[in-house]
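Hello,

Please find the structure below. My notes on it follow.

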Amino acid sequence: MTVTMEPSLGDVHAVVEEVWSSFLGAEEPILPLPTPMPPGGWSAAITVSGGWDAQVTVQLTDPGAVHVTSTMLMCGEDDCTDEDLRDALGELVNMVGGNIKSLMAGAAVLSLPLVGHGDISPGSHLVEVCRLDLTWRGEPVVVTVHTPPPPAVA
Amino acid sequence: MKILVVDDSRVMRQIVIRTLRQSGHAGHDIVEAENGREGLEAVQREAPDLVLSDWNMPEMSGIDFLTTLRASGGTVPFGFVTSEGSAAMRAQAEAAGAAFLIAKPFTPEAFDEALGTVLGAST
């Protein structure tokens, strides 16, 4: 029996597209176009622990984070506070992480989201197994999944 | 009709309330709470006709909220609106007494389908 310990790139892409099209407007789809991610910006991460261990992270530029927040809140971009950004990006990674978790076998628990300005480093015991470089409204969006490395074969 | 919306995210509470309107369920009184503990207090205080609750929240999770509510004799219809829609979680929700589970991201159609049975019986 084969036990899959990492989601496929296609599955993660499908989850991200569904979240974006549902809550951020189907008229402005998220595109599979790599755009260089400048330093800084916002990161939102959530961890899964139990039958499947992972960290799912979404990275956005400052303008991208404001676009997401103003769209989800249906408010003006100038009206978005840092608290609004933390709330919106936390929900974003909660949905992406929760849906990826649902694809994996085994009972596991989703953490509360962690959101910060800057990078959120995955645990040192985790390695990147999936990375999506995307573009939404001209801004880069990066989604990564980190999991523990597979056990070494003797 | 009074609906209690429980979610630690203000953004998600707004989206849930907006989706209620978009799904044809406008005009209800809406009460909000930020976690399960506040949700329990709001049920006592507001006597809602329906509870829509997130699952993953600080202080008291949605499943603990529902379990405590049912253990205390509360029978208000209860539905989850959560980012995890696996078969195992749906089964756990149903066993605890939830009427439905709506997985995020959701559509107005999904809301209408889930709420139709609960609200349709009492409106």
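Strands (E, at least two residues) and helices (H or I, at least four) are DSSP runs numbered from the N terminus.

This is a predicted model: local features need pLDDT of at least 70, side-chain atom pairs count only at pLDDT 80 or more, and totals for chains, interfaces and linings use all residues. Residues are numbered from 1 along each chain as its sequence is written, with chains lettered from A and ligands numbered from 1 in the order in which they are written.

Strand 1 (residues 42-50) of chain A pairs with strand 2 in the antiparallel sense over seven bridges; pairing requires at least two DSSP bridges. A:Ala54 is the bridge partner of A:Val48, and three residues separate the two strands in a hairpin. Strand 6 (residues 139-147) of chain A also runs antiparallel to strand 2, joined by six bridges, with A:Val142 opposite A:Gln59.

A:Val58 and A:Val93 are among the residues with the most contacts inside the largest nonpolar core, which has 71 residues. Such a core is a set of buried Ala, Val, Leu, Ile, Met, Phe, Trp, Tyr and Cys residues joined through C-beta atoms within 7 Å.

Regards

Key:
A residue is buried if 20 or more other C-beta atoms lie within 10 Å of its own, exposed if 12 or fewer, and partly exposed in between; C-beta atoms are placed from the backbone.
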